[in-house]
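Reader: Hi, I'm new to this one and would like a walk through it. Can you take my questions as they come?

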Amino acid sequence: MADRDEGADADGEGPNDAGLSRHHIIRGAEASLRRLGTDYIDLYQVHEWDGHTPLEETLSALDDLVRSGKVRYVGCSNYAAWHMMKALGVSEREHLERFASTQVYYSLQSRDVETEIVPACIDQGVGILVWSPIAGGLLSGKYRRGVQAPAGSRHLSEWSEPPVHDEDKLYDTIELAVKIGESHGVSAAQVALAYIVQKPGVTSVVVGARTNEQLRDNLAAADLTLTEDEVKALDDVSGEPLRYPFWHHRNTSTDRLSEADLSQISRFL
């Protein structure tokens, strides 16, 4: 099995060394096949939005890779909801292979995707792959209020991925994750992973463990099921306000909300 991200970022100085042009996409896939020593790629994802290359060109190239047998499924990553919906519309109109998944940042530290991306994925049947579900280690339990950060750490200083807009809220979230973890005899990281896996629309998570110990701990999260009360408490401590037009939907049309709508609004009802 192989999983490949094709980036919109430059990897050379030539005019075809960046973006999602036909040349760049096909060349990247064929290079991956050679490097991996495999006949096909299970999931080939475009890593970043490219607002300069026509979607018709990008999607046609991906469709050709699927039809040739070099790729089984295609996906996108770091797309806004409108980017993804536009791509799905072009695929349907041109009878091209549609995105089967989107890979997004989603964690207790930042739940931006719940506003538009998650409902769109549920509505359109697009799988959600989560990258950095422990927020680059911020939710591991090593970062605590009033405690010196681990040696060599760049978080909450010059490192800006993920950006932290409210340190107090982050520390409150970490403290609750640690408390829930202690009640289950597991790490805060496992709580953070289990929380995301249990959220609507999520298909799988991508972990970035640096050691075997971290990997074993992350994998053990598959056996952890949080209670409804624990999920609600984590929702409350890490949540964002309901934004327009969604608070208006909550106030005026609760009897007309779909499963996709409720993935975001249900906790406010």
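Author: Let's begin with a group of rings: Trp49, Tyr79, Trp82 and Phe99 come together in one aromatic cluster. Keep in mind that this is a predicted model.

Reader: OK. How many aromatic pairs does the structure hold?

Author: There are 5 aromatic pairs. In one of them, the ring centres of Tyr105 and Trp131 are 5.2 Å apart and the planes meet at 40°, so this pair is tilted.

Reader: Where do Tyr105 and Trp131 lie?

Author: Tyr105 is in strand S4 (residues 101-105) and Trp131 is in strand S5 (residues 127-131), so the pair ties together parts that are 26 residues apart in sequence.

Reader: Is Tyr105 buried or exposed? And what about Trp131?

Author: Tyr105 has 15% relative accessibility and counts as buried, because the cut-off for buried is under 20%. Trp131, at 27%, counts as partly exposed.

Reader: What's going on with the peptide bond between Tyr244 and Pro245?

Author: That bond is cis, with omega at about 5°. Pro245 sits in the loop between H8 and H9.

Reader: Which other residue is found in the loop between H8 and H9?

Author: Leu242 is one of them; that loop runs between helix H8 (228-238) and helix H9 (246-252). Leu242 counts as buried, with 10% relative accessibility.

Reader: How far is Leu242 from Glu259?

Author: From C-alpha to C-alpha, Leu242 and Glu259 are 17 Å apart in space, and they are 17 residues apart in sequence.

Reader: Switching topic: how many cavities of 30 Å³ or more does a search of the whole structure find?

Author: The search turns up 1 cavity of 30 Å³ or more. The largest cavity holds about 120 Å³ of space.

Reader: Which residues line the largest cavity?

Author: Leu242 is back, as one of the lining residues.

Reader: What about open pockets? How much space lies in the second largest pocket?

Author: About 530 Å³ lies in the second largest pocket. It is lined by 26 residues, and the closest to its centre are Tyr105, Gln109, Ser110, Asp112 and Pro163.

Reader: Now the inside. Which residues touch the most other members of the largest nonpolar core?

Author: They are Tyr44, Leu59, Leu62, Phe99, Leu139, Leu226 and Leu234, out of 62 residues in that core. Helix H6 (residues 188-197) gives the most to this core, with 8 residues. Phe99 also belongs to the aromatic cluster we started with.

Reader: What lies over the face of Tyr40?

Author: Arg72 does, at 3.5 Å from the ring centre.

Reader: Last topic, the backbone. Which residues other than glycine have a positive phi?

Author: Asn78 is one of them, with phi near 60°. Asn78 is in the loop between strand S3 (71-77) and helix H3 (81-94). His95 also has a positive phi, near 60°, and lies in the loop between H3 and S4.

Reader: Is His95 buried or exposed? And how does Asn78 count?

Author: His95 is exposed, with a relative accessible area of 63%. Asn78 is partly exposed, at 24%.

Definitions and conventions: Residues are numbered from 1 along each chain as its sequence is written. This is a predicted model: local features need pLDDT of at least 70, side-chain atom pairs count only at pLDDT 80 or more; totals for chains, interfaces and linings use all residues. Side-chain values use heavy atoms; hydrogens and water are left out. A nonpolar core is a set of buried Ala, Val, Leu, Ile, Met, Phe, Trp, Tyr and Cys residues joined through side-chain atoms within 4.5 Å. Buried means under 20% relative accessible area, exposed over 50%, partly exposed in between (1.4 Å probe, protein chains only). Helices (H or I, at least four residues) and strands (E, at least two) are DSSP runs, numbered from the N terminus. On a 1 Å grid over the protein atoms alone, a cavity is a set of points where a 1.4 Å probe fits but cannot get out, and a pocket is an open set with protein on both sides within 12 Å along at least five of seven lines; lining residues have an atom within 4 Å of a point. Grid points are joined across faces, edges and corners, and a volume is the space filled by probe spheres set on the points. Rings of Phe, Tyr and Trp (its six-membered ring) pair if their centres lie within 6.5 Å; planes under 30 degrees apart count as stacked, over 60 as edge-to-face and the rest as tilted. A charge sits over a ring if NZ of Lys or CZ of Arg is within 6 Å of the ring centre and within 35 degrees of the ring normal.
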